[in-house]
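Hello,

Here is the structure I promised to pass on to you.

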2 protein chains.
Amino acid sequence: MEVDRRHFVVGSSLALSGLAQAGAGNAARPATPTTRRRIATEEAFTTPAQTKAMLALADSSWPSLDLGLWRSRTIDSPMISHLSLEGDRLRLMDQSGIAMQVLSLTSPGVQMFDADLGVAIAEDANDRLAEHIRKYKGRYAGLATFTPQAPKQAVKEMERAISRLGLNGFICNSHTNGEYLDDAKYWPILEAAEALDRPIYIHPRSPSDAMTSAYGKYGLEFAVWGFQAEVGLHAMRLILGGVFDRFPRLKIIIGHMGENVPFHLGRSDTRHNREHAPIKRKPSEYFLDNFYITTSGVTDHLPLKYCIEKLGADKILWAVDYPYEFNQIAVDAMDAAPISEADREAIYFRNAERVFRIT
Amino acid sequence: MEVDRRHFVVGSSLALSGLAQAGAGNAARPATPTTRRRIATEEAFTTPAQTKAMLALADSSWPSLDLGLWRSRTIDSPMISHLSLEGDRLRLMDQSGIAMQVLSLTSPGVQMFDADLGVAIAEDANDRLAEHIRKYKGRYAGLATFTPQAPKQAVKEMERAISRLGLNGFICNSHTNGEYLDDAKYWPILEAAEALDRPIYIHPRSPSDAMTSAYGKYGLEFAVWGFQAEVGLHAMRLILGGVFDRFPRLKIIIGHMGENVPFHLGRSDTRHNREHAPIKRKPSEYFLDNFYITTSGVTDHLPLKYCIEKLGADKILWAVDYPYEFNQIAVDAMDAAPISEADREAIYFRNAERVFRIT
């Protein structure tokens, strides 16, 4: 069955309906057997408080490229309902043989709110996430949201999320007001992640306000191109900014088959200038040691094979990017990937269990 | 012999010396035999007028990310001498068994000058280029420079460069004052390239002034990351902007193994939104039909193998990026690439002869 996903895209008025999500790739066929253990690692949810606050921002005149998405939504949009923790989520996981979702608050998290509102929405989201994980034992894990715009409170919430709530890592939606985590003001956040020994997933959002003239056309600000440009830049800033010399055990995860960084590693090494970026090692060495990538949104086998050869299968985690992508398409793609069964198992669940300490 | 290229980088004060360029990769060994025909397709030169005008700009307070490069140069810099049409160029080509260079005025061409100065420097550069090609028969081909900031004069110069000077195509150094060739004001340029049946090589320059806060640190504005971000964006703007629906026979060349676009094609297709970018075909189809890539600056075999599988060997042209990269390293890498001899010949010279109409 061919699914025309060009009509199922971020920001589209033809946004995902429950029917489309349920039907995609598995109409008139039995549920995918669960002989394989599958953990999906970049799966989104929203909370009533985040939705309300984002829809309020969408009513503002802020020209942020991120808000295009939310301006196409209302509280009744199918996408909002798919983003809820309950609803069809578990049924659709079962239908596609997905054992577990690693959940995270949908982009841009709380990073567009003022500090107080952000802190409150983050705490509420992390509480709800922990409760949901407890309620459906073994079916979910979760990445904690925090407020980069208020680093001190962020660190406090990161510690609470691991030690009190038992969450599995952190999520940060790329830039915060046009700034990146290599900035010294954010180092306490990186220090906390390293000390807590949990990864930070750097998830896409649209390029910052300054880049509107370059990326604010043709949907370039979304997944077709701008998302990877934004996160790829963020990853390179962390590497060249010396973050991993300072925090050598810090683990970063990026999605979408590595946001083009794996393809560029050779040139990053040969054109790295130590006078501009006085780091101790070659850029690729940090990427190989400190980064994991996920397959979210990429079902093409050639980039997967490339990344296995370049990074090793132990650095790659499977992901769907639900509800923005279809569970079944991601399952079919990974089931059919021309790779070894050992690599498939590593990518489907073993790496996720290790990296997120899922027991 | 291992060459530490991290000390030989754009903008470095340890810039290329003649000795380094001559010695790289071939110390104490005979010249590479010319049993293979090799045409290098992204090879830079400067003219006295361009150098003088760029060094004058470097003395201004313009915060352009491109000027960092020129601010590290003087008229006596080794790099300026390597960029001259004469000097060691031909001897170094012979030493590495390079039959021909396809020359182009070094980045950012004439795109940072006001229109009148730009037109004058472009005409002079194209005249000198044509003369050089005539003088060393069979050793050089050339891409004509034009002024996007003055589209009418650009078209006139493009026509002169092909019909009167016999040049082989065109070069455009990505954005012009933060604008891209998909903008309707530049369509006469694209129309002329299509009518003249010659490709436009979109060469890197640094991201535009608006992106300084994002890219203006750690050398990110140069080849380590920003160059590909800039040209990749330009390529996607052309595709999503419908340029190839309007000019279906237009041929675009991009360097550096495709500036990460080949790695992203799958996701570009699945996340293309026809409401945002109402083009007729999938983004990847335009890339496969209207684009060529070159290997400039990339000596890693894995991206090459990926691109042969994804695009086909007939879409890939060999390049060095002299004098910013070493001839011998690029030759050694392509000589040793684990690909078929037929593919190697296509990449080394057959595609270049066809695309640039080299006879």
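Let me start where the chains meet. A:Arg267 touches a set of residues of the other chain, namely B:Ala223, B:Phe227, B:His256, B:Ser296, B:Gly297, B:Val298, B:Asp321 and B:Glu325; contact here means heavy atoms within 4.5 Å, and residues up to four places away in sequence are not counted. This arginine, A:Arg267, belongs to helix 12 (residues 261-270) of chain A and is buried, at a relative accessible area of 5%. Buried stands for under 20% relative accessible area, exposed for over 50%, and partly exposed for what lies in between (1.4 Å probe, protein chains only). Helices are DSSP runs (H or I, at least four residues), numbered from the N terminus.

A word on how to read all this: the model is predicted, so local features need pLDDT of at least 70 and side-chain atom pairs count only at pLDDT 80 or more, while totals for chains, interfaces and linings use all residues. Residues are numbered from 1 along each chain as its sequence is written, chains are lettered from A and ligands numbered from 1 in the order in which they are written, and side-chain values use heavy atoms, with hydrogens and water left out.

Next, the aromatic rings. Rings of Phe, Tyr and Trp (its six-membered ring) pair if their centres lie within 6.5 Å; planes under 30 degrees apart count as stacked, over 60 as edge-to-face and the rest as tilted. By this rule there are 20 aromatic pairs over all chains. In one of them, A:Tyr306 and B:Tyr306 have ring centres 6.0 Å apart and planes at 80 degrees, so the pair is edge-to-face. A:Tyr306 lies in helix 14 (residues 301-311) of chain A and B:Tyr306 in helix 14 (residues 301-311) of chain B, so this pair joins two chains. A:Tyr306 is buried at 2% relative accessibility, and B:Tyr306 is buried at 3%. Ring pairs also link A:Phe244, A:Tyr286, A:Phe287 and A:Phe291 into a cluster.

In chain B, helix 10 (residues 226-240) has 15 residues and reaches 21 Å from first C-alpha to last, close to the 21 Å expected at 1.5 Å a residue (1.5 Å times one less than the number of residues). What surrounds it? Of its 15 residues, 15 are buried, so helix 10 of chain B is largely enclosed by the rest of the structure. After helix 10 of chain B comes B:Gly242, with a positive phi near 80 degrees.

Best wishes
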